[in-house]
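Let's walk through this structure together, one region at a time. Please keep the model open beside the text as you read.

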Amino acid sequence: MKKLLPLFFGILSLTTTAYAEGGLYDIVLKQVRTGAFIEEEIDENLLEYLSQLFDEYELSVDEIKKFLTATEPLIFCGESQNENLSIAQECIKAHADIQRVAKREIRVRDMGRKLQMLTTGFELRISDLPGRETSLPEDIRGIVNIWMAGSGSVQLQQKQNTKIRNFIDEDTNRYESDLQSLKDRLEEMTQDEMIGAVWRYQFGVRLINSDRDTFFPPPYDYEWDSSTVSEQQYLYKRWNKDSDDVEAILYRLWEIINNTSFTTPVQQNEIVYFAFPEDLYGDMLPENVLLWARLDGNKADNQPFGDIGLNWRIPAEPVYPSLMFYDDSYTEPIPGGNYPLEPVDLQDPDKPIDGNGLCTQPVTLQGYLCRPFQIISEGERCPDKPAQQRDPRDIAIIQCMNPEDVKEAQGTSWCCNPQSRACSITQDITQCQQNGGLISTSANGCQANGCIAPQPVLCCMRSTSGLCTEATSDAECTQNGGSTVANEQACLAQGCIMPEPRERTTLSNADVCREINWREKGTFNPGRECKVDVKCQPSCTVQGGYDGFTKFKNLTTGTIDMCLKETVADLNVTYLLYHEMIHAYQYCNATDDTLTYKNIPQGISPEEEHTLRQDNTNFCCQMEGEAYDAMCNLMERDGVFDGAATINGIPINAQTCAESLTNNACSPNNGLYGCYVSYNYPTDFYRQVVRLSKAPTVDLADTCTDAIDKTTMDVRVKQLWNHIEKEHDVCEPGQTNLFENRIGNNACYIGQCVEQTTELHAVTPMQVPSVTQGQQYPWSDPLTSTPLGLSMTNYQTSQARLPLYQPALLIQEVERTLCRAQGLPPLTPPILCHLKAERQLGLKRLTGVDAIRGLIRQEQEGQDSLDEILQLSPLLGYRVGAKLYADYLRVSTRSFAGILTNAADLLEEIKDIEFPTEMCTIPDLQDQPSSSGNP
Amino acid sequence: MHSGQLLSALAVLLLTACGAEDAQEISNNPSLAPCSASGSVFEDWKFNDWKDNYHEKVGAALDAHLEILRNVPKQPLQCANESAEDVIPASGPLQEIAQGLPAWKYRMGDLGEGDLPVVLMEFLRVYECSMFEYAEDHVGEEIVQGEGSVAESTGETNTTTAQDEEDGLFSWFSLISRDAFIEKRINEETQVARPALERALSFTQGYDRLHPLTTDIECLKRTSLDLRNVFGLISDASSCLPRIWDAQGALYDVDFEESQP
């Protein structure tokens, strides 16, 4: 049945702008009136469809409308003046036909609208799209953003390591012309087509075009033939005909958005959500339609989360089964009834493809709908019963996996043996189950089944990832190409590095402040800060050809130059690098040129020369002693000296290592007098000691290039390097710090100041906390001076606890919801809420039949409402969970406020310190006992 | 005593026995209120305006409700209140509807935005009752009282012709048309009004469900901002800490080199 119609008639006559012109109630009222065939609200698509479907009656659209609104066919046909249906019997038949088909179609559409509104009511507020009415995820990100420490974005999830940033784009002028084109294009569509187009690009145009297929294949991986006449046409249609079509316009907008410049560059693991100003939606897009966009910093994978698309502000209408097919030259009614037609999931032909796009978004990807629900034990609640063949017509919102599938997907199945109560990895699931065992997919799952899982072993994956990872057994470690190690240190010694720890640590303790960008750009202060510049050379020729050396800090540039030989004959380069880093750390504190060896000029007296050499020796023993001490400690912790034989009865350990090396560095060979030693070391002792670091068991980088490569360098060297360059003097006197105004950042700053104060202050004379040699400060007289009164207060501990789970309240909430929908107070059981027969009896009816109809309908009304709410009641669980979380935060926030009060008290005490107004009397130095106690 | 007077006296006695409070309670209970336009806004409106006025007021109340929920960040909130129900008072349109309902007009003090579904359902019930009452009673009255009454009560002027009015003749045809019009209007509205309200309430109930959480989160956000400001002040104060590190040493003003023995 094809009718050639002028294009303009086909398109323009059905053009409508009836999208949410009013508020919510207007939308709903219009939907209900359309469903009830109220004359002025009849669906134009339906009229056109009926007109062409019943072409034998040759009725115009207006005439069809009259047939639909006529409730009494006898009267209607008696009054009808239609020439084609002049015989009453034919007219009555036509009336019946039209009414029957129309009611059927309207029922489908009305059901779609009802479901859509229900879903929207429940889901709209947890939508993650900027521009929607409300967005809980956005609010939560905002709160996390206020609280967190750091300068970047909000980390979405620790495991995934994805960060999300919201970007409010006020510069809408650059979008203007393309948005106008988009609006024109959408508004020239029929209502059904426009609904289809907006839903089609709800997950993004790039997804549809396979631009994100590194991670996310397009939802429908086949070409939909645009000439296919199907009621599903708008589910799969592409609007990509020319440069003025929807896809081309969206791509132009994508290019604009992609070229946005950010003050803080987008990191590789960062996603930027664009939020557009309100007027963008009001003026430049059709009513109720919103535009969204998302950038992904992962350029290497072609921005797997980056996309742009359309969506609804209030999703009120679903994609309806199409009634009419329009082509350039003809129109055709679509009988329908073929669902599910093509396409189907190629992997599972019984299953129609639907909703795949949900799991291509960074936040929703974390939801339970995007994770398979693994069947662990029989009887577990799961929509897909593993023992039964699934009915392809079923719609299951949770994907279940059988243990076999899980094994295939994850490669590991755990068997819980009921006799031994031991967990073990199994390759034969059937045998495990035959023996009464329970299958699970993880060690935790096995433990949940009542068995005990073996302790994991540490595995150095040197040849693959280079990480220290946990393995379930030695065999698994070996199978994966790794080697089992006893502990973390041994793993590091083998050249593996620890994976990025969840709790970032410095050398001493936890440091959540590490990512804060304390300094303003361009305000690098060479007087207080420093940069370490390491160069790998074939040889380090300065000062006589050392294996490595560190120059004193350049006070003008703040740079500390370091040279390392590419390969060193006797010492592992990583240890040498660590040694030189200690020197860099020493020099970094220098604020003048006094921290250096003294020059010995020619022509001075032997006594003067001796004094200078003695000074230089002391300086050398201090500086080299610290550096070698740290290096030898590291070697000892790595097990370099384990099992080493003594040399001339002298044991090899960190102490003898450091002493011999220091003594050698400050020896007469270098014009110095040597340092204190515990043993009379043989000349070659230090060399034999350091050679141990070249043993094959020491699996550290042994070329300079590898040792300083930040991706492969030893984590301890890396931490020290960072410490030197980034962790210093945040709270130094006169230092100006700029950081993002967040609670975490402020707390870090406060913490840093308090830490430095407790470590460095001399408020209590001769009791500088970080210095043990009080006699170094003889001007602080412990006898005459009094403490300034600063005391530390015990901090309040957090009283946060998990809130109570209150199922009774949950039930009451459900009842209240059910009853509210009926306009009644809560009743138990809630079924009482929709059995108020007296309401219908109280109504004055036109006829008795109306009263009976009313009674019947009332029950159905209540049942409909009940069904609707029950269908979505699982969502209550989510709400309750969220409420529990909010309760927890409420309590913990209060405790936190207590902690802050303590901090304020501490500062209050500082304020009350009374500083002396007069300089103290300097004691007579003659009467002052010396530090040694001699007169 | 005349029988009518006797009945009146008995009625007074009965009402007295029941007590005024009971009578008031009965009229206040939505499920026990009389099915009539009596005492409601429908008594004051012309029949032809009922449909538009009803939908307009319901729409306004729902829009105001959603507006409140959408604009939580812009509202003053009593975050310290124990119950989220107390946080938001009834919107203007909702108050206006409740004021026109017998079951609510005497307890406006109890009205909150959380009562929206109950009030709207009562408004719908009174609307339906009014329509059935009108169909049963008023059409008959129109017939008895003649065309003037028809035009006056309905606001319709096209049911009778100008010539009819001039002649002062009673037009049976116009009355039948009027009757058909009323029946059609009532039939349409009984088909539409209840499903529309129920569907809209289904939406708002889902939407409302997260409102306490949204309010909590907004309160948490505001608290966080306050805390941030507090932290900012403390960190400003902390920057003064280095000043006390060498407080005593600086005051001694001693040249270290000279003090050496």
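From its N terminus on, chain B runs α-α-α-α-α-α-α-α-α-α-α-α-α. That amounts to 13 helices and 0 strands, where helices (H or I, at least four residues) and strands (E, at least two) are DSSP runs numbered from the N terminus. What you are looking at is a predicted model, in which local features need pLDDT of at least 70 and side-chain atom pairs count only at pLDDT 80 or more, while totals for chains, interfaces and linings use all residues. Residues are numbered from 1 along each chain as its sequence is written, chains are lettered from A and ligands numbered from 1 in the order in which they are written, and side-chain values use heavy atoms, with hydrogens and water left out.

Of the 261 residues in chain B, 49% are buried; buried means under 20% relative accessible area, exposed over 50%, and partly exposed in between (1.4 Å probe, protein chains only). Among the contacts in chain B with a separation of 6 or more, 72% come from residues 24 or more positions apart. A contact here means heavy atoms within 4.5 Å.

Now turn to the aromatic side chains. Over all chains, a search of the whole structure finds 24 aromatic pairs. Rings of Phe, Tyr and Trp (its six-membered ring) pair if their centres lie within 6.5 Å; planes under 30 degrees apart count as stacked, over 60 as edge-to-face and the rest as tilted. How do the rings of B:F42 and B:W45 meet? Their centres are 5.3 Å apart and their planes stand at 80°, so this pair is edge-to-face. B:F42 has 1% relative accessibility and therefore counts as buried, and B:W45, at 18%, counts as buried too. B:F42 also pairs with B:Y127: the ring centres are 5.3 Å apart, but the planes are at 20°, so this pair is stacked. If you follow the ring pairs, they link B:F42, B:W45, B:F47, B:W50, B:Y54, B:F123, B:Y127 and B:Y134 into a cluster.

Let's move over to chain A, starting with helix α12 (residues 246–258). The expected span of a helix is 1.5 Å times one less than its number of residues. For the 13 residues of α12(A) this should give 18 Å, and the end C-alpha atoms are 18 Å apart, which agrees. Its buried residues are A:V246, A:E247, A:I249, A:L250, A:L253, A:W254, A:I256 and A:I257. They pack against α8 (176–187), α10 (205–208), β4 (270–275), β5 (289–296) and β6 (307–312) of chain A.

Further along chain A, an open sheet of 3 strands has the order β15-β14-β16, with antiparallel pairing; two strands pair if DSSP finds at least two bridges between them. β15 and β16 of chain A are at the edges, each with a single partner strand, so one side of each has no neighbour in the sheet. On average, neighbouring strands here are turned by 45° against each other, direction ignored. Axes are lines fitted to C-alpha atoms, for helices over the stretch in contact, and angles run from 0 to 180 degrees between N-to-C directions.

Strand β14 (residues 457–460) of chain A is joined to β15 (residues 468–471) by 4 bridges and pairs with β16 (residues 483–485) over 3 bridges. A:L458 stands opposite A:E470 in β15(A) and opposite A:V485 in β16(A). In a regular strand the side chains alternate between the two faces of the sheet. In β14(A), A:V457 and A:C459 point one way and A:L458 and A:C460 the other, and all are buried.

Our last stop is another open sheet of 3 strands in chain A, with the order β17-β19-β18 and mixed pairing. Its edge strands are β17 (531–537) and β18 (548–550), each pairing on one side only. Neighbouring strands of this sheet are turned by 15° against each other on average, direction ignored. β17(A) and β19 (residues 559–565) of chain A pair in the parallel sense over 7 bridges, and A:C536 has A:L564 in β19(A) as its bridge partner. Helix α20 (residues 573–588) of chain A lies across β17, β18 and β19, running at about 160° to β19(A).
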